[in-house]
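User: I would like a close look at one part of this model. Please keep it brisk.

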Amino acid sequence: MNEAATPLWEVFIRARNGLSHKHAGSIHAADAEMALQAARDVYTRRGEGQSVWVVRSSDIIASDLVDKDMMFEPTASKIYRHPTFYEIPEDVGNM
Amino acid sequence: MYSQGLIGADGKTHEDEAFLAAFQARIDAEQKIEPNDPMPEGYRKTLIRQMSQHAHSEIIGMQPEGNWISRAPTLRRKAALLAKVQEEGGHGLYLYSAAETLGVSREEMTDQLLTGAAKYSSIFNYPALTWADIGAIGWLVDGAVIMNQNALCRCSYGPYARAMIRICKEESFHQRQGYEILITLCNGTEQQKELAQDALNRFWWPSLMMFGPSEGGSVHSEQSMLWKIKRFSNDDLRDKFINATVPQAEFLGLKVPDPDLTWNEEKQGYDHGDIDWDEFWRVVKGDGPCNRERLKNRNRVHREGAWVREAALAYAQKRAVREEAARVAAE
């Protein structure tokens, strides 16, 4: 096992126009062009995609699980961001 | 079949009880575990073992059928078989990349396959001797695979479950193309029907072995069930497979090669004869009809492809250097 490792790429696919690209999986490829071709072969054999993105896995910046509470917990306490926090008389109708 | 990947799996783990209890509570609440979540070492090790062996099975599984692509009887059959074999390779790739999320590299897994340190499903150590075998493999082998994989779609590890959902969607074509081959043969000449019966005779028992031996209260298996890596027992899945498959054999007018196979009214399912587990262990331990050939081929192909991998990396590197130089020059 003295061969150099082939870089890892993450694959995102837009199933059809109107939808955003969604993570489908990952593949190994030496460069961007080969990564796109491999992503097409591996993840879109049955018309699953209209558009494919590939991104080097090492270029993705991810939040750290350790910071999960610090990052996301505060949103749970801000109930005034939700419409049901505000009281509107029924007579006003749908709002 | 991929529960074979759990044979000898060491679910031993060293975390304290509070950690394990918190983890178990998440599993019991049907929460999926994702790559960077805290998890017991035993859970990670068991999954790496099962997922990599599952991936290896897909890769080695290309060999028995690939052998018939150039000899398929019609263009229609050839196109279907080519697509199916390509997909086995694709399934291997989904699974390798799902396993890599647990911190094992593709190169490590490939190495384990090539050196024989890792196993793959016993079924792929049987040869595909006739065209009818291609029908039997699609019908029985992929049929058994579907039983197992449907259960794995609900595995507690997110990336594995997602890969399985994708694979299950594709697997149905594999089984149907195999069964269609057998329908054609069974509606053909006497000789063609004999070929189909002969394929069923040879593939029936090895297909039942794919589910792995009865667990009989094995500790490893109970741990895997508890962690929801595995959701049904080997025997339950095997029974489900037999109940689904026997009527399909009857439709073809073929005879399942088990004199003890009888319908059990009480359990609303079939009772089957004894499985030759000595044969199973022989094959698992390396002495099946094709073990050496499969591994030799895989090693040869890997060796012969080395220059392609090297050239692709060298080209990518050269281009990156040139682009960098052009960028600097433009500034």
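Which residues have the most contacts inside the largest nonpolar core, and how many residues does that core have?

Analyst: This is a predicted model: local features need pLDDT of at least 70, side-chain atom pairs count only at pLDDT 80 or more, and totals for chains, interfaces and linings use all residues. Residues are numbered from 1 along each chain as written, chains are lettered from A and ligands numbered from 1 in written order, and side-chain values use heavy atoms, without hydrogens or water.

The largest nonpolar core has 92 residues. Such a core joins buried Ala, Val, Leu, Ile, Met, Phe, Trp, Tyr and Cys through side-chain atoms within 4.5 Å; buried means under 20% relative accessible area, exposed over 50%, partly exposed in between (1.4 Å probe, protein chains only). B:Tyr43, B:Leu47, B:Tyr157, B:Tyr160, B:Trp204 and B:Phe241 have the most contacts inside this core. Helix α6 of chain B (residues 131–152) supplies the largest share, 13 residues. Helices here are DSSP runs of H or I, at least four residues.

Take B:Tyr43. Beyond four places in sequence, B:Tyr43 touches B:Phe23, B:Ile27, B:Ile33, B:Ser156, B:Tyr157, B:Trp227 and B:Ile229. Contact means heavy atoms within 4.5 Å.

Now the interface. In chain B, 26 residues are in contact with 21 residues of chain A. Helices α4, α5, α7 and α13 of chain B each supply at least two residues of the side touching chain A. Of that side, α4(B) gives the most, with 8 residues.
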